[in-house]
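Please open the model in your viewer and keep the selection panel at hand.

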Amino acid sequence: DGLEVNLDAHTVVVDGERVALTYKEFELLKVFMEHPGEVFTRQWLYERIWNGTYSEKNRTVDIHVQTLRKKLGPCGSLIESVKYIGYRMKKVP
């Protein structure tokens, strides 16, 4: 759906345009794309990507997902919120 990720070159292209992502944003996208349809809790994402102890008051994951969605433009809608749990990448047929 217009989203291309090159893990070796660490690049992201949306509808033919290269998108600059931070390291953490790229890691989030990589997790989502490697496991489409799988739901990831905020805690799991935080502990895996930020290597820290998660607190429910911590909004780091939410803020990074929000920024990632904006940077991905029309492809940002592929990242779905799962109420009270976390996030997942839509499965594209």
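The stops below go from the sheet to the helices and then to the core.

The model is predicted: local features need pLDDT of at least 70 and side-chain atom pairs count only at pLDDT 80 or more, while totals for chains, interfaces and linings use all residues. Residues are numbered from 1 along each chain as its sequence is written, and side-chain values use heavy atoms, with hydrogens and water left out.

Strands (E, at least two residues) and helices (H or I, at least four) are DSSP runs, numbered from the N terminus; two strands pair if DSSP finds at least two bridges between them. Between β1 and β2 there are four bridges, in the antiparallel sense.

Next, select Thr-11, which lies in strand β2. Is Thr-11 buried or exposed? Thr-11 is buried, at a relative accessible area of 15%; buried means under 20%, exposed over 50% and partly exposed in between, with a 1.4 Å probe and protein chains only. Neighbours within four places in sequence left aside, Thr-11 is in contact with Glu-4, Val-5, Asn-6, Arg-18 and Phe-26, contact meaning heavy atoms within 4.5 Å.

**The helices**

Axes are lines fitted to C-alpha atoms, for helices over the stretch in contact, and angles run from 0 to 180 degrees between N-to-C directions.

Turn to α2 and α3, whose axes come within 9 Å and cross at roughly 85°. To display their contact, select Arg-42, Leu-45, Tyr-46 and Trp-50 of α2 together with Thr-60, Val-61, Asp-62 and His-64 of α3.

**The core**

Finally, select Val-12, Phe-32, Leu-45 and Leu-72, the residues with the most contacts inside the largest nonpolar core, which has 25 residues. Such a core is a set of buried Ala, Val, Leu, Ile, Met, Phe, Trp, Tyr and Cys residues joined through side-chain atoms within 4.5 Å. At least two residues of this core come from each of β2 (11-14), α1 (23-34), α2 (42-50), α3 (60-72) and β6 (86-89). The most is given by α1, with five residues.

Close on Phe-32: neighbours within four places in sequence aside, Phe-32 is in contact with Phe-40, Leu-45, Val-65, Ile-79, Tyr-87, Arg-88 and Met-89.
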